[in-house]
Amino acid sequence: MVQSLYGVAEETKTIWVYLERDGDTLEGVCLELLARGREMADTLGWSLEGLLLGQNISSLAHAALACGADRVYVVDHPRLADFTSEAATEAAFQAITGRRPSMFLVGVTPNGRDLAGRLAVRLRTGLNADCTDLRVNPETGVLVSEVSGFGGGILALIEMPQRRPQMATVRPGVFVPPEPDPERTGEIIFLDVDLKTTPFRTHVVERSVGEALDLTQAPVLIAGGRGVDGDFDTLRELAGLLDGEVGATRPPVDDGYVERARQIGQTGVVCRPKIAITCGVSGAFHFVVGIQDAETIIAINNDPEAPIFDYADYCIVGDVREIVPALIRELQDPRLATGNP
Amino acid sequence: MLRIIVCVKIVPKPEEVSVDPETWRLDRSHARSEINPPDMNAMEIALRLKDRHGARLDILSMGPPFFDPILRVALAMGADHVTLLSDRAFGGADTLATTYTLAKGIEKLGGADLIICGEESSDGATGQVPAGLAEWLDIGQITMVHDAQVDLERRVVRGRREIKGGHEILETTLPAVLSVATACNEPRFMDYRIKEWAFDPEQVTVWGRNDIDADPDLIGAPGSPTIVSGLEEATSRERKRRFLQGSPEDIARQLSAVIRQAI
Ligand SMILES: Cc1cc2nc3c(=O)[nH]c(=O)nc-3n(C[C@H](O)[C@H](O)[C@H](O)COP(=O)(O)OP(=O)(O)OC[C@H]3O[C@@H](n4cnc5c(N)ncnc54)[C@H](O)[C@@H]3O)c2cc1C
Ligand SMILES: Nc1ncnc2c1ncn2[C@@H]1O[C@H](COP(=O)(O)O)[C@@H](O)[C@H]1O
């Protein structure tokens, strides 16, 4: 059997989280990974460490310490100023083979995915992608990654007994973000890497980023499915009345009615709003995983057999074209504002 | 001439797969198969490049022999040839073994200027194969592109992709791996005039492990570091499941009370 570059015997008892920059903060999903990483490290009595790649980014290391890391490794290099998967892979490879962490966890973002896929091959190790949960076996120290099986309903538990590091990626929203503690201290260590032989193949020609939509923070989510037949304007009106955001299942996104950033579910965003109202959504498992942690779920569907009703607190068998406008009228009723119906 | 290889996976139609309630195993026996829908978008990008620059377009797939007839759809859409990597020893492969096997197939085909993949496979949906392929082949990658432009003189490819709150355009030197954003284009229909040609046995080559000089330690289950250690039923939180009755107005009134309380 072909081995990874280091095995269980050579690992250090550490869990590493890849810290991706998002403007002048860290990506939310990295903080979420630090929160879960902290719990796993405490279970095992291990150290939780972050890896930060970039140029002039060491100030972000403090954010990671505040969110639970014991130590942050910073690689500061001009070739890492703009993310390219080749330079990032080589830098991470040198840092990892130098320190030999037991686990290396990466958040699913476009760049995180690009890095994880390349790095796992370079390290000759396995990669559990898009995990829905991560735990550790306290006896063996082995990472147990949960992934949802095809079609949903079943979860597969995946382990990697032999090779190191144990790599896993997790989407935003799966874990709850930590409460930062600015008083928390830890170690910041600068690492040198040699990127001289890494080819300059890929570069960014243009990048434009505006205000990013963050559905995970919305307290109220109005999710439209194929059953709304492309009428998202009515849903936007409802969302506006409740200070909420509009989300969607995959079909209306694929059909171009809504931006992809609003897709909820396994290949979209995982949200945990106070209230989710699903309109014309059948309740496929791929979708449900994106809202199942909502405090209250209201489902509107004209098919009494729709699976979505199994996941809802309040079930309305009816036509969205009647129920949603009636709800809008009701919420606009001035008598409600005074609280005296 | 531009040389393109599109990696195509055959998957069961998701709505036809069921879960055996006793064993929790997937029952694919009644499911028909199709080309992984994102790979149709990859095909379309490849065919547009072929229309524009002229290209030799190969399809590469790893899987059991029953993939063959379904892969002919790609030929009828305009691909030149299909190579199917099929061998019992390839079974049980995770991402590491899959990317190794596909990379060996690509080498054996003589390489290409562009290797184009779908964004993810609908039965695995991890999207890690394209980056892993680029690493085995030691070439650049641009993932989740909506379109791709090739400059043959400068030997580069440019791709545009969406990122949080915006987009970016990346350029990399050829050869390179691309993955194509799901549903970013309208895949063309089959050309029925070439259907007969597409079903000619010669248009599909099947290669086993010896044909691609695969290292037995790197393929299939032995080459896969990850193991499935258990299956669990997905449990979800208990819900009230209270059905609201009445006219739309009655329901709206009940809902607004529920909403006011929950916020
Ligand atoms: C790998 C993979 C990943 C996926 N990832 C995701 C994901 O992240 N998110 C996601 O959402 N999907 C995802 N999907 C797709 C998913 O499996 C379902 O196909 C999708 O969620 C169905 O969307 P829907 O409920 O809007 O449409 P449908 O299943 O078509 O349901 C429409 C519903 O609307 C109801 N309806 C119709 N008209 C009305 C009306 N006038 N009033 C009230 N109700 C009405 C119907 O009764 C029906 O129940 C994925 C699929 C695959 C294979
Ligand atoms: N067995 C396979 N044969 C050919 N191509 C594949 C195979 N598995 C994955 N791919 C390609 O890799 C892409 C991403 O797949 P995945 O990483 O499995 O989600 C797919 O859209 C295909 O283009």
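Predicted model: local features only at pLDDT ≥ 70, side-chain atom pairs only at ≥ 80, totals over all residues.
Let me start with ligand 2, which has 18 residues around it, with B:C7, B:D39, B:S121, B:G127 and B:V129 coming nearest; a residue is counted as near a molecule or strand if one of its heavy atoms lies within 4 Å of it. Residues are numbered from 1 along each chain as its sequence is written, chains are lettered from A and ligands numbered from 1 in the order in which they are written, and side-chain values use heavy atoms, with hydrogens and water left out.

Which polar contacts does ligand 2 make? By a polar contact I mean a pair of N or O atoms within 3.5 Å, and within protein one must be able to donate a hydrogen and the other to accept it, with residues adjacent in sequence counting only if both atoms are side-chain atoms. A nitrogen atom of ligand 2 sits 3.0 Å from a polar backbone atom of B:M62, an oxygen atom of the ligand is 3.2 Å from an N or O atom in the side chain of B:N36, and an oxygen atom of ligand 2 is 3.4 Å from a polar backbone atom of B:T126. On its own ligand 2 exposes 480 Å², and the protein buries 96% of that, where accessible areas come from the Shrake-Rupley method with a 1.4 Å probe and, for residues, only the protein chains shown count as cover.

Turning to the elements behind this shell, those that give two or more residues to it are strand 6 (55–62), strand 8 (114–118) and helix 4 (129–137) of chain B, and strand 6 gives the most, with three residues. Helices (H or I, at least four residues) and strands (E, at least two) are DSSP runs numbered from the N terminus. By class, the shell around ligand 2 has eight nonpolar, seven polar and three charged residues; here Ala, Val, Leu, Ile, Met, Phe, Trp, Tyr, Cys and Pro count as nonpolar, Asp, Glu, Lys and Arg as charged, and the others, Gly among them, as polar.

Now to ligand 1. It has 28 residues around it, of which A:R226, A:T249, A:I264, A:T267 and A:S282 come nearest, and because residues from chains A and B surround ligand 1, the site is shared between chains. A polar side-chain atom of A:T249 lies 2.6 Å from an oxygen atom of ligand 1, a backbone N or O atom of A:R250 lies 3.0 Å from an oxygen atom of the ligand, and a polar backbone atom of A:Q266 is 3.1 Å from an oxygen atom of ligand 1. Of the 980 Å² of accessible area that ligand 1 has on its own, the protein covers 83%. Helix 6 (250–254), helix 7 (285–288) and helix 8 (320–332) of chain A are the elements that give two or more residues to this shell, whose residues divide into eight nonpolar, 15 polar and five charged.

Next, the helix packing. How do helix 8 of chain A and helix 6 of chain B cross? Their axes come within 8 Å and cross at roughly 60 degrees, helix 6 of chain B spanning residues 248–262; axes are lines fitted to C-alpha atoms, for helices over the stretch in contact, and angles run from 0 to 180 degrees between N-to-C directions. These two helices are therefore oblique to each other, given that angles under 35 degrees count as roughly parallel, over 145 as roughly antiparallel, 65 to 115 as roughly perpendicular and the rest as oblique. Helix 8 of chain A passes helix 6 of chain B in a right-handed crossing, a crossing being left-handed if the near helix is turned anticlockwise from the far one by less than a right angle, and right-handed if clockwise.

Helix 4 of chain A and helix 4 of chain B pack at about 45 degrees with their axes 7 Å apart, and their crossing is right-handed.

Finally, the backbone: the peptide bond joining A:R164 and A:P165 is cis, with omega about -5 degrees, and the bond from B:L174 to B:P175 is cis, with omega near -5 degrees.
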